[in-house]
Structures are given as structure tokens and as C-alpha cells.
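Please look through the structure shown here before reading on. The questions after it are meant to be worked through slowly, one step at a time.

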Amino acid sequence: MRAGDLYYDPYDVEIDADPYPVYRRLRDEAPLYHNERLDFWGLSRYEDVVAALKDLRRLTSTRGDILEVVKAAPVMPPGIFINEDPPLHTIHRALVSRMFTPKKIRALEEKVRAFCAACLDPLVGEERFDFVLDIGAELPMRTIGMLFGIPDSEQASLRSTAQRALRNQPGRPLPVTKEKYFDGGNYGEYVKWRVDNPSDDIITELLTLEFTDLSGTVRRLTRQEVQIFVGVIAGAGVETTGRLFGWMGKVLAEHPDQRAELVADPALIPRAVEELLRYEPPGPHVARYVTEDVEFYGQTVPAGSALLLMLSSANHDERQFLDPEQFDIHRDISQHVTFGHGVHFCLGAGLARLEGRIALEEVLKRWPDWEVDLSAARRAPTSTVRGWDSMPALIGRS
Ligand code: HEM
């Protein structure tokens, strides 16, 4: 369990407040880490994390990709494509990826900007706003809601779904339950409604498109399968993106010089979003189930183990990034693993980047400076994502 006094517990609130010193020690002293008490293995170096994400032969996603789930190793219901391996994953992912092409994402720009304005305009003239409650809990869910074709009249219920998503993740020390993990939100009723009310949206497209399944049969997805797909997309895209905004408020308040550069030259904003994603990944790790013995650094990780891949640590690996502990919007950041790597690379990366860029543009237009009130900020009680439930900004104080 311990290498010297080196101990890493992904559920430990104190470690989680600033995990980077522990990550650094793990990379240097125990690049393959074994926590016997919590019964998992972990990789922390960039190179190893990327190699593991590519190792589809010995590491499977079919027993979940969140540590608690992988440890319980349930057999997943079909359709949760984030928890499938090729060839089934390839077929299912292809159905969704055609809806997330760069062209389709670019076409959302105007609407996402309008959502942002609707969130931020009512706050102009106030002394404070909240990066998580006013942007994080609103924008990602509204954007997904629009893609799903959920009517405007349902915005109130969308908001509560988003808030549940922001809180309903496996926390520490709460173990994840199967029910919670498989809960696809209340999207079932929308899917049912869309069957009789088709429109130009993802749910309608998923309900109607034809594909060749593993057995060679040409068919459509069942309503139940569509509901699962919708749950996967919303589950993967709302909570994570929501957390990005809390980090945005905090990190830019801590780096006022770089924030001023963004105000002076908004063309730098995409770089700033990318560096934010590298510096404070909303999803600190993913996990895999080991299907056959695999060796790292002369030690065998036996089949049946849970292996934690520490994305945040990889993003701070000095073997890969110069001065990784510095937030620097001018660095070359193309290689971070915040969105994973390989076949499961985040399908919504383009959308998250778009939301991050537009929100930052719109915030900086209205408020070029702010301080954050860390005494009132609230950490999110979860280990699946790392971030804040609330990040209040005091406007014009810096
Ligand atoms: C997959 C992170 C936003 C949809 C992933 C994975 C990561 C990730 C690390 C890989 C999981 C694995 O390998 O097990 C993030 C972060 C986001 C974000 C940090 C925001 C900052 C989004 C958005 C959407 C989305 C906005 C959709 C609208 C998905 C889907 C997958 C995925 C569907 C599964 C892909 C597959 O299995 O082929 N995401 N994500 N994500 N993400 Fe994201």
C-alpha cells in the first residue's frame, strides 16, 4: 500500500484539494502504484497513461470506466458505448459521432452564444455572479437540451436535471450504486415523445437511422437503446463541462496578467481554454479492468484488477510538459489527455471547447476582471469529477 510514506487515495478530500504534489511523487517514486487497502493499481506518467488507453487487448472498458464501478466489475447493459470495446463500440460510436462533426459543432456557435447571453445579461450590474451556478449548471445542459430537441418549455426541468447531474455523481466516501450509475436521467419520456414528434435533433436521428449490427442485421436502435445513448451523452457531457467553468473563474482570477492578455487579444481565448483543460482537468482519472496479466516496471498487475489512469497527473508530467505546474496560455498544449486518448477519445471535445471559448469571450466582454470568493466557494463532493459546486466571482475587485 505504501512506498515509504507515499499514499494516494482518490477519495481523500485533503489530497484532492491539491493532488499535484502527490501525483509528482507517484510519477517519480511509484509510477506503477498499488493501493492494497482500496484495492486498485494506478498509472501516473503521461506515456504510461496513453499506452494504457491504447491497450485494448489487456484493458477493457466493458466493466466500467469509473474506479468504483470497475472494482465492482458489473456486466453493463448493452448500449452504454463508453463502456464497450470494439467491434461493438465502433458500431455504436459511429452512430453518434456523425452528430458531432466539426461542421455540426461550428453551426452551434450562434445558439450557444445566445444561451450564454441569456445566462449572463441578467447579472450585469450585480456585484457578483457564480461561474458554476450561473454558467456551469446552465450552459452545458441547455446546449445538450438543444441538441436533443428538448422544448424551451422544459427548461425548468432541464435545470433540475443539470443540478442533479452536478450532484448525483459517486462521491466520497459514498460508493456508487448500480442504480445511480445506470440512471439515464429523465430522458426516457423525451425519447417516447420524440417517437411521435420527430424533428431535426439527435434523438430523432438516433431513433430513425439504420445501421448494421454485430450480427450483420440492418436495423434501427430500439427506444430503450436510444434512451441509453442519450443518457451516455448527457452523463458524459454535462457534469464534466459544468466543472470547467468553476476552474475558469478560479484559475483566471489567480492569473490576472494572462486574463488581461485575453481581454486585449481575444484571439488567445481558445489557447486559454485548452490550457485550463490541461491544468485543471474536470475529470481527473478514468479506470480500466485488467483482462489478462499485464506488467509495468517489473511488477505484474493481475487479471481482474482495477487500473486507475491518472489523467491529471499525466497532464502535469514534467517528462511531457515544460514547467507543467505553471498555467501558461502560450505553451504548446496540444498533447493533454483531459479528453482521454484512442478509441474512447471524448466525442464532445469540440463541443466542450466551443462552450468554453464562447463563455469566456462573453464573460470577458462584460467583466474584464474579477476576484473569486474562495471562502464562499464550495467543492464538489465527488471523486469522479474534480471541481466546484459554486465559484462566486466578485466583479471589478481586482
Ligand atoms: C468520453 C472527458 C465533455 C461526450 C470522454 C472521455 C473523457 C472525457 C476523459 C474518455 C473516457 C474513457 O476513456 O473511458 C470530458 C471532459 C469534458 C467532456 C473533461 C468537458 C470539459 C463532453 C461533452 C460531451 C461528451 C460536452 C457530449 C456532448 C462524451 C462521450 C464519450 C466521452 C459520448 C464516450 C466516447 C466513447 O466511448 O467513444 N470524455 N468530456 N463529453 N465524452 Fe467527454
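The questions and answers below concern a predicted model, and they go from the whole protein to the ligand and then to one strand.

Q: Among contacts between residues at least 6 apart in sequence, what percentage join residues at least 24 apart?
A: Contact here means that heavy atoms lie within 4.5 Å. When the contacts between residues at least 6 apart in sequence are taken together, the part that joins residues at least 24 apart comes to 72%.

Q: Which helix gives the most residues to the shell around the ligand?
A: There are 27 residues around the ligand, and these divide into 16 nonpolar, 8 polar and 3 charged. Several elements supply at least two residues each, among them helix H5 (88-97), helix H15 (239-254) and strand E7 (285-290). The element that gives the most, with 3 residues, is H14.

Q: How many Å separate a polar side-chain atom of Arg-288 from an oxygen atom of the ligand?
A: Arg-288 is listed with His-89, Arg-93, His-344 and Cys-346 as the residues that come nearest to the ligand. For Arg-93, an N or O atom of the side chain is 2.7 Å from an oxygen atom of the ligand, while a polar backbone atom of Ala-236 is 3.4 Å from a nitrogen atom of the ligand. For the side chain of Arg-288, the distance to a ligand oxygen is 2.7 Å.

Q: Why is E7 largely enclosed by the rest of the structure, and which residues point the way opposite to His-285, Ala-287 and Tyr-289?
A: Strand E7 is largely enclosed by the rest of the structure because 6 of its 6 residues are buried. In a regular strand the side chains alternate between the two faces of the sheet. In E7, His-285, Ala-287 and Tyr-289 point one way, and the residues that point the other way are Val-286, Arg-288 and Val-290.

Q: Which residue of E10 stands opposite Tyr-289?
A: E7 runs antiparallel to strand E3 (residues 59-60), to which 2 bridges join it, and there Tyr-289 is the bridge partner of Thr-60. E7 also pairs in the antiparallel sense with strand E10 (residues 306-310), over 5 bridges. In E10, the residue opposite Tyr-289 is Ala-306.

Conventions. Residues numbered from 1 in each chain as written. Predicted model: local features only at pLDDT ≥ 70, side-chain atom pairs only at ≥ 80, totals over all residues. Heavy atoms only, no water. Near = heavy atom within 4 Å. Polar contact = N/O pair within 3.5 Å; in protein donor to acceptor, adjacent residues only side chain to side chain. Helix = DSSP H or I, 4+ residues; strand = E, 2+ residues; numbered from the N terminus. Nonpolar A, V, L, I, M, F, W, Y, C, P; charged D, E, K, R; others polar. Buried < 20%, exposed > 50% of the residue type's maximum accessible area, 1.4 Å probe, protein only. Pairing = 2+ DSSP bridges.
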